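Hello! Here are some notes to read with the model open beside you. Take them one at a time and find each residue as you go.

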Amino acid sequence: MPDVSAPVIKLVRRTTEPVAVQTLRSTAAAVISFSVALMVLPAQPAPLTAPLTALLVVQVTLYATLTTGIRRVNSVVVGVLIAIGFTALVGLTWWSLGLTIFTSLIIGRFVRVNEFVPEVAISAMLVLGVSQATSAAWHRVLETLIGAGVGLLFNLLFAPPVWTQPAGASIDGLARGMGSMFRSMGADIAKGHLPFPHAAARLHEARRLDHDIVEVDASLRQAEDSLRMNPRVREGLLSRVVLRTGLDTLEICAVVLRVLTRSLTDLAKFRTNESLFPPDVSAGLHELFEQLADAIESFARLITTQVAANAEQAEERLTAALAASRATRDRVAEMLLEDVQEHPRQWQLHGALLAEVDRILDELDLDKRTERLMQELDRSSAERSERYPRLAALRRRLRGESGTERRPAVET
């Protein structure tokens, strides 16, 4: 029995993941729209435009559905209308197909479908290929409306999944990668002599973090869209701000980490036949980099588990890691000062090393993070009030009637 149940449990878990849920939602919406179109248009050929439109409308997030669904429907309808005209006038030939595509792409620029201009031509080609009469083409317009209606209704009744968990996993992965780099750098320093090629390779590794940040940012953007207008989410604005400001902090730390590796690379370039630091300083920096790694990983855990039961534990761990890092940093600073007084070579690199550590500790500071969160929440609320003044006035009136002093209700 255990051998049978384990794969079943794994399959059930996979079906609850956002990708699997979205696949099932898109398939169900397409099938339902096809069935509805068959009932409304029983005597017509297979109404494939309806499921096609449903697939286009049922987006990954409800926000994307509401913001792009109209443009998608518009592109399909315009393409169908263009195909109706060409079918009635010239029929389907090689030159009429080319003229249809050219006309669709031109008109698509003027009907404000934005990134869905190619779908105007695609819809026109689909209709041009299957429509032999004008009346049949008009049925395609009805199929498009059926597919769009089913898709929108499907998203309203069955809200799309929330993508915060994949975004949190990507943020956590970025932090773990940075933590691993800090630990490797500490181990390199603890060995004493650091060859310049090895230090340069570490610098290139730090520069590749930019690519990782771009991927994490894309994942976070999808998560932010999934939180907007989603009835399954409460306090969506707070969740978005927590994740976005957290990624901004990690991005700053990644930049400082790159500068830190550059300082060590420059130091290794000058000290080719000797240790970078005395043994006591090397041991202190090894310990400091270990603590910085713990702090960054704890910070990522904190911002990705802000509503979980272990969020308080993550905050305590981050507080402890920051306190230990600051204490070690002060001890290393005293040892570096003594070393510089005895051997003043490249003293500016020692100062840069401490300054870069200070920047990371400052960015991870809990008080600074709380202040940043409050500023972003206030800014978002102000922007929403300026964009929707009547809605903001209604909310203020409702809060005045209830006598509450709470912060304005966050956007979902």
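The points below go from the whole chain down to single residues.

1. **What you are looking at.** Please keep in mind that this is a predicted model. The protein chain has 16 helices and zero strands, so helices are what to look for, as DSSP runs define them. Of its 412 residues, 45% count as buried.

2. **Surface and contacts.** The chain has an accessible surface of about 21,400 Å². Carbon and sulfur atoms account for 61% of that area. Now turn to the contacts between residues with a separation of 6 or more: 81% of these join residues 24 or more positions apart.

3. **What the record says.** An unreviewed UniProt entry gives the feature "transmembrane region" at residues 23-42, 48-66 and 78-108. You can compare one of these spans, residues 23-42, with the model. That span is 90% helix and 0% strand, and its end C-alpha atoms lie 28 Å apart.

4. **A helix to look for inside.** Is helix H3 largely enclosed or largely open? Helix H3 covers residues 49-57, and because seven of its nine residues are buried, the rest of the structure largely encloses it. The buried ones are Thr 49, Ala 50, Pro 51, Thr 53, Ala 54, Leu 56 and Val 57.

5. **A nonpolar patch on the outside.** Next, find Leu 89, Val 90, Trp 94, Trp 95, Leu 99, Phe 102, Ile 106, Ile 107 and Phe 110. Together they form a nonpolar surface patch with about 1,000 Å² of accessible area. Helix H5 (residues 94-108) supplies the largest share of the patch, six residues.

6. How many salt bridges does the model have? The count comes to 17. In one of them, Arg 183 pairs with Glu 297, with the closest N and O atoms 2.8 Å apart. This pair links distant parts of the chain: Arg 183 sits in helix H8 (residues 164-190) and Glu 297 in helix H12 (residues 279-304), 114 residues apart. Arg 183 has 24% relative accessibility, so it counts as partly exposed. Glu 297 has 8%, so it counts as buried. The pair also belongs to a network of salt bridges that links Arg 183, Glu 290, Asp 294 and Glu 297.

7. **Another link between helices.** Asp 210 and Arg 258 form a salt bridge through their side chains, at 3.1 Å from N to O. Here too, distant parts of the chain are linked: Asp 210 is in helix H10 (residues 209-227) and Arg 258 in helix H11 (residues 236-270), 48 residues apart. Asp 210 is partly exposed, with a relative accessible area of 38%. Arg 258 is partly exposed as well, at 21%.

8. **One more salt bridge to find.** The side chains of Asp 362 and Lys 368 meet in a salt bridge at 3.0 Å, N to O. Asp 362 counts as partly exposed at 39% relative accessibility. Lys 368 counts as partly exposed at 33%.

9. **A serine with no exposed area to speak of.** Which helix holds Ser 325? You will find Ser 325 in helix H13 (residues 311-342). Its relative accessibility is 0%, so Ser 325 counts as buried. A polar atom of the Ser 325 side chain lies 2.7 Å from the backbone oxygen of Ala 321. Leaving aside neighbours within four places in sequence, Ser 325 is in contact with Leu 288, Gln 291, Leu 292 and Leu 361.

10. **A last stop at a glycine.** Gly 173 lies in helix H8. With a relative accessible area of 38%, Gly 173 is partly exposed. Gly 173 and Asp 212 are 39 residues apart in sequence, and their C-alpha atoms are 9.3 Å apart in space.

Technical notes:
Residues numbered from 1 in each chain as written. Predicted model: local features only at pLDDT ≥ 70, side-chain atom pairs only at ≥ 80, totals over all residues. Heavy atoms only, no water. UniProt positions renumbered as here; feature names shortened; annotations may be inferred. Helix = DSSP H or I, 4+ residues; strand = E, 2+ residues; numbered from the N terminus. Salt bridge = Lys/Arg side-chain N within 4 Å of Asp/Glu carboxyl O. Buried < 20%, exposed > 50% of the residue type's maximum accessible area, 1.4 Å probe, protein only. Polar contact = N/O pair within 3.5 Å; in protein donor to acceptor, adjacent residues only side chain to side chain. Contact = heavy atoms within 4.5 Å. Patch = residues over 30% accessible without salt bridge, like charges linked within 9 Å, V, L, I, M, F, W, Y side chains within 5 Å. Areas by Shrake-Rupley, 256 points an atom, 1.4 Å probe, with all protein chains shown as cover.
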